[in-house]
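These are my notebook entries on one structure, written down in the order in which I looked things up.

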Amino acid sequence: MDYKNSGVDIEAGYKSVELMKEHVKKTMREEVLGGLGGFAGAFSLAKIKEMEDPVLLSGTDGCGTKVKLAIIMDKHDTIGIDAVAMCVNDIACAGGEPLFFLDYIACGKNYPEKIADIVKGVAEGCLQSEAALIGGETAEHPGLMPEEDYDLAGFAVGVVDKKDMITGENLKPGDVLIGMASTGVHSNGFSLVRKVFEKELNKEGLETYYEELGTTLGEALLAPTRIYVKALKAVKNAGVTVKACSHITGGGFYENVPRMLKDGVRAVIKKDSYQIPPIFGMLAKKGDIEEHMMYNTYNMGIGMVVAVDAADAERAMEAMKSAGDTPYIIGSIEAGEKGVTLC
């Protein structure tokens with residue numbers, strides 16, 4: 001009897017590491033010390049010393065049951081972008097720069113090429129956010145998970161000078177709310193998505209083309225979460241102060257927008273201020289989901305909401321566009337009880 005007989009293939013693990021090295025290498029920053037394969041990822045903090053009052057920021061998350069769609073479609077090279085996005089967007093939301101990321105893949109059986117594909121997506125997410133992929137873990141769980149299944153999660157660490165933190169404390173009535181377009185459902189609410197499209201959750205169903213979507217159902221749902229790190233950095237570099245910021249994830253507008261507000265102010269968002277992606281209309285219609293629940297579960301086409309002074313709105317939007325994002329003025333800040341009004 002050996003470890004392989006029990007369901008854990010050490011040789012497959014070695015092969016996975018070799019296959020993923022080319023992807024990991026692309027994400028390296030000059031602060032990274034050592035290479036892949038050490039017991040700990042090492043990252044120099046020399047540059048941080050230049051800040052007046054450096055604050056470390058961290059975020060951890062996974063992709064939820066969106067992973068199930070990747071498994072059904074046998075397409076694993078983008079789900080890693082989602083894992084990174086969910087973490088680094090939260091760091092950027094606080095005004096921080098993501099420094100590095102570590103991933104964790106749990107699988108029923110280690111298929112090296114599949115694992116390398118997953119890490120390829122993680123590396124792409126790191127490239128998009130300029131974070132280094134400095135470590136990770138692939139754990140084989142025979143008997144705990146079916147052989148074809150896996151789950152993916154990770155965490156990121158970032159830094160911000162305390163004076164540059166986005167806290168919402170300087171919000172005032174008249175400030176403008178800018179929403180940056182999402183790429184679709186992103187990585188939240190997929191348990192409901194899977195319930196709604198229960199009959200389509202097979203390779204044939206997900207490969208069906210829909211005119212209203214302009215793509216297949218699977219491609220629309222698996223579209224990776226947008227990473228907004230570069231857009232927010234561009235706004236800062238343009239000399240615009242972001243007063244408050246909200247990453248629209250699970251809980252949609254109703255849960256996430258109030259998190260960016262201080263007491264005494266209210267966010268007022270106009271639902272017709274931007275075009276809602278068709279996947280949300282299809283979801284609502286097919287699942288008979290009422291509007292409030294849609295806005296309480298999904299991003300509805302807006303992945304990040306930023307509050308700026310009205311005089312800075314145009315400059316902020318130009319900076320976002322320069323980073324490849326699509327911004328809309330979606331509302332404003334008003335005096336009132338802390339919360340959000342959708343009208």
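Before I use any UniProt feature, I note that its positions follow the numbering used here, that feature names are shortened, and that an annotation may be inferred rather than shown by experiment. I also note that the model is predicted.

**Entry 1**

I looked up the record first, and UniProt places "domain: PurM-like C-terminal" at residues 172-339, in an unreviewed entry. Over that span I find 33% helix and 21% strand, with the end C-alpha atoms 14 Å apart.

**Entry 2: the four-stranded sheet**

I then followed an open sheet of four strands, which has the order β3-β6-β4-β5 and mixed pairing. Its edge strands are β3 (54-62) and β5 (132-140), each of which pairs on one side only. On average, neighbouring strands of this sheet are turned by 15° against each other, if direction is ignored. Strands of a sheet pair through backbone hydrogen bonds, either parallel or antiparallel. For β3 and β6 (residues 150-161) I find the antiparallel sense, over nine bridges, and in β6 the bridge partner of glycine 59 is alanine 156. I also traced helix α3 (residues 79-93), which lies across β3, β4 (97-107) and β6 and runs at about 30° to β6.

**Entry 3: helix α2 and its lysine**

Is lysine 66 buried or exposed? I had to check this against the cut-off, under which a residue is buried below 20% relative accessible area; lysine 66 has 0% relative accessibility, so it counts as buried. Lysine 66 is found in helix α2 (residues 66-73). Leaving aside residues up to four places away in sequence, I list its contacts as Ile79, Asp82, His186, Ser187, Phe190, Leu221, Leu222, Ala223, Pro224 and Thr225.

The helix itself is mostly covered, since six of the eight residues of α2 are buried; they are Lys66, Val67, Leu69, Ala70, Ile71 and Met73. What covers these buried residues includes α3, β6, α5, α6 (203-206) and α7 (217-222). Just after α2, aspartate 74 takes a positive phi of about 55°.

For another lysine I turned to lysine 195, found in helix α5 (residues 190-196). Lysine 195 has a relative accessible area of 57% and is therefore exposed.

**Entry 4: strand β12 and its partners**

How many of the residues of β12 are buried? I count seven of the seven, so β12 (302-308) is largely enclosed by the rest of the structure. With β7 it pairs in the antiparallel sense over six bridges, and isoleucine 178 stands opposite valine 306 in β12. Strand β10 (residues 244-247) also pairs with β12 in the antiparallel sense, over four bridges, and here serine 246 stands opposite valine 305 in β12.

**Entry 5: helix α12**

In helix α12 (residues 313-322) I find that the buried residues are Ala313, Ala316, Met317, Ala319 and Met320. They cover an arc of only 160° around the axis, so they lie on the same side of α12. On the other side of α12, Glu314 and Ser322 are exposed. The cover over the buried residues of α12 includes β7 (176-181), α8 (229-237), β12 and β13 (327-335). Just after α12, glycine 324 takes a positive phi of about 95°.

**Entry 6: the cysteines**

A disulfide is a covalent bond between the sulfur atoms of two cysteines. I searched for such bonds and the structure holds zero disulfides. Cysteine 107 is in none, and the nearest cysteine sulfur, that of cysteine 63, is 15 Å away. At 1% relative accessibility, cysteine 107 counts as buried.

How values were computed: Residues numbered from 1 in each chain as written. Predicted model: local features only at pLDDT ≥ 70, side-chain atom pairs only at ≥ 80, totals over all residues. Heavy atoms only, no water. Helix = DSSP H or I, 4+ residues; strand = E, 2+ residues; numbered from the N terminus. Buried < 20%, exposed > 50% of the residue type's maximum accessible area, 1.4 Å probe, protein only. Arc of directions from axis to C-beta. Contact = heavy atoms within 4.5 Å. Pairing = 2+ DSSP bridges. Axes fitted to C-alpha atoms, helices over the stretch in contact; angles between N-to-C directions. Disulfide = S-S within 2.5 Å.
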